[in-house]
Amino acid sequence: MLAVYKVHGNSMVPTLREGDYVVTRNVFKNCKPGNLVVAKHSVYGILIKRIFEVDNSGYLSLIGDNEEDSLSTESMGWFSPENIIASVMMRVPSPQTP
């Protein structure tokens, strides 16, 4: 199933910018470093991040592309695969985004 999410904040700049949209699919297999995902966090809510690492038990470490304006991997902690909502298929730029 496809879903659309709006980007809030600058944690994924330059890949994604404030006001962009991402088209996602909720069928997610083969979690690999570098993939963009939508994840649910108990404190921070819904996040769009890049997979940094997958450990042997399948847990994921996520990062933002903008080191200066993103939550650290340490503050987010490891994500259970159950907390991955969807994988990002494509970006739809905001009309204001160059």
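Among contacts in the protein chain between residues at least 6 apart in sequence, 51% join residues at least 24 apart, where contact means heavy atoms within 4.5 Å. I begin with that figure and turn now to the model behind it.

This is a predicted model, in which local features need pLDDT of at least 70 and side-chain atom pairs count only at pLDDT 80 or more, while totals for chains, interfaces and linings use all residues. Residues are numbered from 1 along each chain as its sequence is written, and side-chain values use heavy atoms, with hydrogens and water left out.

First, the overall layout. The protein chain contains 1 helix and 6 strands; these are DSSP runs numbered from the N terminus, helices being H or I of at least four residues and strands being E of at least two. Along the sequence the pattern reads β-β-β-β-β-α-β. The C-alpha atoms fill a box of roughly 40 × 35 × 20 Å along the principal axes. A compact globule of 98 residues would have a radius of gyration near 13 Å, and the protein chain agrees, with 13 Å; the radius is taken over C-alpha atoms, and the globule rule is 2.2 Å times the number of residues to the power 0.38. Of the 98 residues, 35% are buried. Here buried means under 20% relative accessible area, exposed means over 50%, and partly exposed lies in between, with a 1.4 Å probe and protein chains only.

Next, the sheet. The 6 strands form an open sheet in the order S1-S2-S6-S3-S4-S5, with antiparallel pairing; two strands pair if DSSP finds at least two bridges between them. Strand S1 (2–6) and S5 are the edge strands, each pairing on one side only. From one strand to the next, the twist averages 50 degrees, with axes fitted as lines to C-alpha atoms, for helices over the stretch in contact, and angles running from 0 to 180 degrees between N-to-C directions.

Let us walk through some of the pairings. S1 and S2 run antiparallel and are joined by 5 bridges, with leucine 2 opposite arginine 25 in S2. S2 is joined to S6 by 5 bridges, again antiparallel, and threonine 24 stands opposite valine 88 in S6. Between S3 and S6, also antiparallel, there are 3 bridges; there valine 37 faces serine 87 in S6.

Valine 37 also belongs to the largest nonpolar core, whose 9 residues are Val37, Ala39, Leu47, Ile51, Leu60, Leu62, Met76, Phe79 and Ile84. At least two residues of this core come from each of strand S3 (36–41), strand S4 (45–54) and strand S5 (60–63). A second, separate core has 8 residues, including Met12, Val22, Leu36 and Ile48. By nonpolar core I mean a set of buried Ala, Val, Leu, Ile, Met, Phe, Trp, Tyr and Cys residues joined through side-chain atoms within 4.5 Å.

How many salt bridges does a search of the whole structure find? The search finds 2, a salt bridge being a side-chain nitrogen of Lys or Arg within 4 Å of a carboxyl oxygen of Asp or Glu. One joins arginine 91 to aspartate 20, with the closest N and O atoms 2.7 Å apart. Because arginine 91 lies in strand S6 and aspartate 20 in the loop between S1 and strand S2 (21–25), the pair ties together parts that are 71 residues apart in sequence. Arginine 91 is partly exposed, at 31% relative accessibility, whereas aspartate 20 is buried, at 0% relative accessible area. Aspartate 65 forms a salt bridge with arginine 50, the closest N and O atoms being 2.8 Å apart. Aspartate 65 lies in the loop between S5 and helix H1 (73–76) and arginine 50 in strand S4, so this pair links parts 15 residues apart in sequence. Aspartate 65 is partly exposed, at 23% relative accessibility.

Serine 94, in the segment after strand S6 (84–92), touches Glu18, Gly19 and Asp20, not counting residues up to four places away in sequence. Serine 94 is buried, with a relative accessible area of 6%. Valine 92, in strand S6, touches Asp20, Tyr21 and Val23 under that sequence exclusion of up to four places. Valine 92 is partly exposed, at 33% relative accessibility.

Finally, a point of backbone geometry. Most peptide bonds are trans. The bond from valine 13 to proline 14 is cis, with omega near 15 degrees, and proline 14 is found in the loop between S1 and S2.
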